[in-house]
Amino acid sequence: MEPGSDAERTGTVLMRGELTGQAGWDYAPAPESRDVVTLAGEYGLFIGGEFVPAASGRLLPTVNPATEETLAQVAEAGEADVDRAVAAARDAYERVWGPMPGAERAKYLYRIARLLQERSREFAVLESLDNGKPIKESRDVDVPLAAAHFFYHAGWADKLEHAGFGPSPRPLGVAGQVIPWNFPLLMAAWKLAPALAAGNTCVLKPAETTPLTALLLAEVCQQAGLPPGVVNVTTGAGSAGAALVAHPGVDKVAFTGSTEVGKQIQRAVAGTGKRLTLELGGKAANIVFDDAPVEAAVEGIVNGIFFNQGHVCCAGSRLLVQEPAADAVVGRLRDRLATLRLGDPLDKNTDIGAINSREQLGKIRELSDAGEAEGAERWSPPCELPGRGFWFPPTVFTGVSPSHRIAREEIFGPVLSVLTFRTPGEAVAKANNTPYGLSAGVWTEKGSRILWLAQRLRAGVVWANTYNRFDPASPFGGYRESGFGREGGRHGLGAYLDV
Ligand code: NAP
Ligand code: MG
């Protein structure tokens, strides 16, 4: 069979290896060793520089989504624990961290960054175990970017008066920070690094299904000699997040998660005088013009929606492709998807890992079934799913219309909806036809067209001829139902200063 032939594109026949005429050839397993990680059976909350049990003594399990194995039991914070953590943060803010010169604070941030680098394998393996993401990604993206965030913000700590916020910008006080499960360590770094650089102290609430790297980061804070109470980690369920957000001792709330919970938080904070930033969901358009180099665009499409199993708020979940190029792009995309390797997240060759939870898998299945029921055409490459754990094959829907649920709702999984357009104006109209506004991608050889589109796309980030690029110096955030406020860069720093 010829690569790219119709039979291959239908995805019914081909075995991996036949593409190159080497039937039977496959990658040997290349598992990363788990030995670098020492799991405790039980984890406490990190309050006032120490690991302590929850007042209620309650624990929640965290599982490895690739095997359903319980990795550990983790303390479930209640209101009393949140209260203790906020008090510890307040005390540290007033006595130690607030008055400390920026150049001194910077030293701690540099130390945390270097410890993250030194312990990077441990962090990467633990992240892949707890979250299900491929080790290739936790090793090459999550952990290095988390360290980069601490390095970048360490550089700001002693330069705040030169950051354009006036001669002596003040910190806000105690920051209550709630994060999701898709980039557990990286989101913790996005929250903590700017807050600490600006002179605030923090109480962080990780997601229930992925608490372990935040707790390892707490251990790194201890190792770095960070004064007790400057960073506190209150693991637990959504109720622990709600208690933190509602706590009167919190001066600033930073939330990353779903639009639904973001709205609840906005209501809870309204009228309290607390500062708020919300990083919520998205339904980004990745727009491919017919002059774009197909190979590069296909790599960008794959990276846009299949990176991190599509559990990415800024995922390019809607492919808008210009009509004359649609067949070539979709055909080449199917060929490429047939080469993706799904399976053991700790295998260094794995491209697609496990779905983070049974609950999330249920949501992905429900929306994908709705796509089929509404008349879109569903396709996945031949792909064997492991017997245990939570898995979903890379999936492409063609024949999608803008009214379909799969074109409107965030799926937060490895599912791409393909729509077409004819003119740049139609591309903009379709791309903006969403309540969200977090990100977009544009693929074209024409620089002028990129600028024209970037001015019209209502998205916080527009990538041109690339996708899912992150840098601590670059602000990230959304419009409308994707939230408000920016993280990263000078703008992100401003969200933690009284300016
Ligand atoms: P989620 O249900 O909103 O949860 C996010 C965090 O909030 C978790 O720690 C959660 O705790 C906690 N939480 C739940 N209910 C709460 C409440 N009433 N008050 C305070 N905190 C509460 O979102 P998710 O399902 O974990 O994450 C996926 C969503 O996050 C997607 O919609 C995605 O687009 C969005 N996201 C956005 C960005 C961005 O930068 N814009 C980045 C990543 C993800 P539990 O885990 O214990 O429920
Ligand atoms: Mg887990």
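From which domains does the shell around ligand 1 draw at least three residues each? Before I answer, please keep in mind that this is a predicted model, in which local features need pLDDT of at least 70 and side-chain atom pairs count only at pLDDT 80 or more, while totals for chains, interfaces and linings use all residues. Residues are numbered from 1 along each chain as its sequence is written, and chains are lettered from A and ligands numbered from 1 in the order in which they are written.

The shell draws at least three residues from each of domain 1 (34–280 + 479–498) and domain 2 (285–435 + 439–464), with bounds that come from an automatic or database domain assignment. Ligand 1 is surrounded by 30 residues, the closest being Glu208, Gly238, Gly241, Gly257 and Cys313, where a residue is near a molecule if its C-beta atom, placed from the backbone, lies within 6 Å of it. Helix 8 (238–246) and helix 9 (259–269) each supply at least two of the shell residues, and helix 8 gives the most, with 4; helices (H or I, at least four residues) and strands (E, at least two) are DSSP runs, numbered from the N terminus.

Turning to the sheet, 7 strands form an open, mixed arrangement in the order 13-14-15-12-11-16-17, where two strands pair if DSSP finds at least two bridges between them. Strand 13 (377–379) and strand 17 (461–464) stand at the edges with a single partner strand each, so one side of each is left without a neighbour in the sheet. Strand 17 pairs with strand 16 (residues 439–443) in the parallel sense over 4 bridges, and Ser439 stands opposite Val461 in strand 17.
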